[in-house]
Amino acid sequence: MFIVLEGIDGTGKSTQVQLLADWFVQQGREVVTSREPTDGPWGKRLRESAATGRATAEEELELFLRDRRQHVEELISPSLAAGKVMILDRYYFSTMAYQGSRGLDIDEIRRKNEAFAPLPDHLFILDLDVDLALQRIGGRGDTANEFEKRGALQKCREIFLSLRTEPFAQLIDASVPMENVHEQIKSALAERR
Ligand SMILES: Nc1ncnc2c1ncn2[C@@H]1O[C@H](COP(=O)(O)OP(=O)(O)O)[C@@H](O)[C@H]1O
Ligand SMILES: Cc1cn([C@H]2C[C@H](O)[C@@H](COP(=O)(O)OP(=O)(O)O)O2)c(=O)[nH]c1=O
């Protein structure tokens, strides 16, 4: 089973990945969790470029694709082939949202990814107001840099919301306490099994 959690920064993805993984382990399932960008060489370069000043959108897209190709080959596909539950914190829907918000063509981003990246069985889109998300990660959105970030995140949120009609997608209200978000995800899984 391949499960992906998406949403803008601060929506609670890494919190929910951990809660969900613990729940599957309690059911006796073997679980693998991971995240993108990865901790591999391409992912490290992406985090560095974010720290040292941004690459162009095209360069970023290229790096995310390289990082993801390696992730699929080395971890995602082998884990699924072994019958494990694979839970990911971000996947190519983040590329559609973030690099799409920088002006790249969203359908083309999707095509380039789906050429090699398997579709998830479940995509949970954690949705939260941008101001609340920024509050959770400690940014108030009132410096020039944060103001710019706020606008970009707003676009990302809209792109994530547009994915809710995908047959494998489920919109999750991330504004409620974390235990309640976890319950929403578990009941969506139970309904679709
Ligand atoms: N449902 C929730 N309500 C309030 N705070 C939350 C909730 N879920 C997570 N948090 C807190 O918000 C912050 C961001 O959560 P995190 O899981 O790191 O988000 P993400 O991985 O999406 O960036 C953390 O401090 C976390 O403890
Ligand atoms: C996977 C992915 C992430 N990103 C961005 C989203 C985040 O701002 C950043 C991820 O960095 P990370 O440090 O993992 O942040 P978070 O804890 O919020 O997930 O990279 C893209 O722009 N494109 C992508 O394809």
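Which exposed residues are carried by the face of α1 turned away from its buried side? The face in question carries D22, V25 and Q26, where exposed means that 12 or fewer other C-beta atoms, placed from the backbone, lie within 10 Å of a residue's own, buried that 20 or more do, and partly exposed in between.

## Basis of the model

This is a predicted model, in which local features need pLDDT of at least 70, side-chain atom pairs count only at pLDDT 80 or more, and totals for chains, interfaces and linings use all residues. Residues are numbered from 1 along each chain as its sequence is written, while chains are lettered from A and ligands numbered from 1 in the order in which they are written.

## Helix α1

Helices (H or I, at least four residues) and strands (E, at least two) are DSSP runs, numbered from the N terminus. The buried residues of α1 (residues 13-26) are K13, Q16, V17 and L20. Seen down the axis of α1, these buried residues fall within an arc of 105°, taken from the directions from the helix axis to the C-beta atoms, so they line one face of the helix.

## The sheet

Five strands form an open sheet in the order β2-β3-β1-β4-β5, with parallel pairing; two strands pair if DSSP finds at least two bridges between them. Because β2 and β5 (169-173) stand at the edges, each with a single partner strand, one side of each is left without a neighbour in the sheet.

Four bridges join β1 to β3, and the bridge partner of V4 in β3 is L88.

How values were computed: Expected span 1.5 Å × (residues − 1).
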